[in-house]
Each structure stands twice: as C-alpha cells, then as structure tokens.
Amino acid sequence: MPLKQGPRNHGELVAWQLCAHLRRLVWDATRDGPSKEDRRYCDQIRSAARSACYLTSEGFYRTREGDFLNCLITARASLAEAEEYLERGLEKEYFTAVDHAAIKEALVRACGANRRLRDSLRTKSMAAQEARRKAQRRV
C-alpha cells in the first residue's frame, strides 16, 4: 500500500482553500451595495480575509520548525478580525442576511480547518521532540 503523501503546494491545503473561498465571498459582498461607499471598511474586511490566505500559504513554505504553526496562529487572528468586521457590517446593514450567513459559514469552516491543521502540526512536532529526546537518552 503506497504511503499517503501530504500536500505538494499550499493550494492543496484545505485550510487555504477555505480561506480563499472566504476571501472571494467577502470581495463579492463588498464590491456592490451599501458597503461599497465605506471604502475604509471594505479595505479592512478584505485585508483581514486576504491575510488569512497569505499567512497560510506563507507558513506552508517556511522550513524552520514551528514557523508554519506560528503563521497559522496569526492567520487565525486574521480570521477573527474578519469576523469582527463582518458583525460590524451587519449592524451597519452592509450585508443582506443571505450574504452574512454565507460569509459567517465560510468563516466558521475556515477557522475549523485552521484549528485542525494547527493541531496536526502540534502533534507532529511533539512526536518529533519525543523522538529526539529518546535518541539523546541512548547516547
């Protein structure tokens, strides 16, 4: 049975795919409608959604142990920022209920994938640390 290979590029990461989906939804929802007039708001919510994508892909290509995890932690903070802007946009009636629900669902899914990937990296990192400790004890 062939070994299961990990992703070859950031586009194969489910966490990145869901962030990219969120980014598209935010862009589409702020392109037209009442939010379009609030340029600063649009820039901020778009930037938060973009940052989650950028940080997830950047972390994937980092080679030092722990860098990917740190990028994912910061990406999660960007997702929280996007969520805050989404709620402010709802209060200002920048979004329809349908757009808000779709973006909120995409946020929840992206946050979940981010958490699962962070948990996976932590588990692998802990296993590698334990293996190094055992190897050092044998010497």
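Me: Helices here are DSSP runs of H or I with at least four residues, numbered from the N terminus. With that settled for this predicted model, what is the place of Ser57?

Reply: Ser57 counts as buried, since its relative accessibility is 15% and buried means under 20%. Leaving out residues up to four places away in sequence, Ser57 touches His10 and Trp16. As for its place, Ser57 is in helix H2.

Me: How far apart in space are Ser57 and Ala75, C-alpha to C-alpha?

Reply: Ser57 is among the H2 residues that contact H1, while Ala75 is among the H3 residues that contact H2. Along the sequence, Ser57 and Ala75 are 18 residues apart. In space, C-alpha to C-alpha, the separation of Ser57 and Ala75 is 9.8 Å.

Me: Are H1 and H2 roughly parallel or antiparallel?

Reply: The axes of H1 (residues 14-31) and H2 (residues 39-61) come within 9 Å and cross at roughly 165°. Angles over 145 degrees count as roughly antiparallel, so H1 is, relative to H2, roughly antiparallel.

Me: How many charged residues does the contact of H2 with H3 have?

Reply: On the H2 side, the residues include Tyr41, Ile45, Leu55, Glu58 and Phe60. Facing them from H3 are Phe68, Leu72, Leu79, Glu81 and Leu86, among others. The contact of H2 with H3 has 15 nonpolar and 7 polar residues, and its charged count is 2.

Me: Is Ser78 buried or exposed?

Reply: Ser78 is in helix H3 and is one of the H3 residues that contact H2. Leaving aside neighbours within four places in sequence, Ser78 is in contact with Ala48, Ser51, Ala52 and Leu55. Its relative accessible area is 8% and the buried limit is under 20%, so Ser78 is buried.

Me: How far apart are the axes of H3 and H4?

Reply: H3 and H4 pack at an angle of about 165°, which means H3 is roughly antiparallel to H4. Their crossing is left-handed. The contact of H3 with H4 has 15 nonpolar, 2 polar and 6 charged residues. The axes of H3 and H4 are separated by 10 Å.

Me: Which elements give two or more residues to the largest nonpolar core?

Reply: The largest nonpolar core has 32 residues, and those with the most contacts inside it are Leu22, Ile45, Phe68, Leu79, Phe95, Ile103 and Leu107. In soluble globular proteins, nonpolar side chains tend to be buried together. The elements giving this core two or more residues are H1, H2, H3 (67-91) and H4 (97-138).

Me: Which residues does Ile103 touch, not counting those up to four places away in sequence?

Reply: Ile103 is one of the H4 residues in the contact with H3. Ile103 is also among the residues with the most contacts inside the largest nonpolar core. Beyond four places in sequence, Ile103 touches Leu22, Leu25, Val26, Ala29, Leu86 and Phe95.

Me: What is the phi of Glu93?

Reply: Glu93 is in the loop between H3 and H4, and at 64% relative accessibility Glu93 counts as exposed. Most residues other than glycine have a negative phi. Glu93 is not a glycine, yet its phi is positive, at about 60°.

Me: How far are the C-alpha atoms of Glu91 and Pro7 separated?

Reply: Glu91 is found in helix H3 and is exposed, with a relative accessible area of 57%. Along the chain, Glu91 and Pro7 are 84 residues apart. The C-alpha atoms of Glu91 and Pro7 are separated by 39 Å.

Key. Residues numbered from 1 in each chain as written. Predicted model: local features only at pLDDT ≥ 70, side-chain atom pairs only at ≥ 80, totals over all residues. Heavy atoms only, no water. Axes fitted to C-alpha atoms, helices over the stretch in contact; angles between N-to-C directions. Parallel < 35°, antiparallel > 145°, perpendicular 65-115°, else oblique. Contact = heavy atoms within 4.5 Å. Core = buried A, V, L, I, M, F, W, Y, C linked by side-chain atoms within 4.5 Å. Buried < 20%, exposed > 50% of the residue type's maximum accessible area, 1.4 Å probe, protein only. Nonpolar A, V, L, I, M, F, W, Y, C, P; charged D, E, K, R; others polar. Left-handed = near helix turned anticlockwise from the far one by under 90°.
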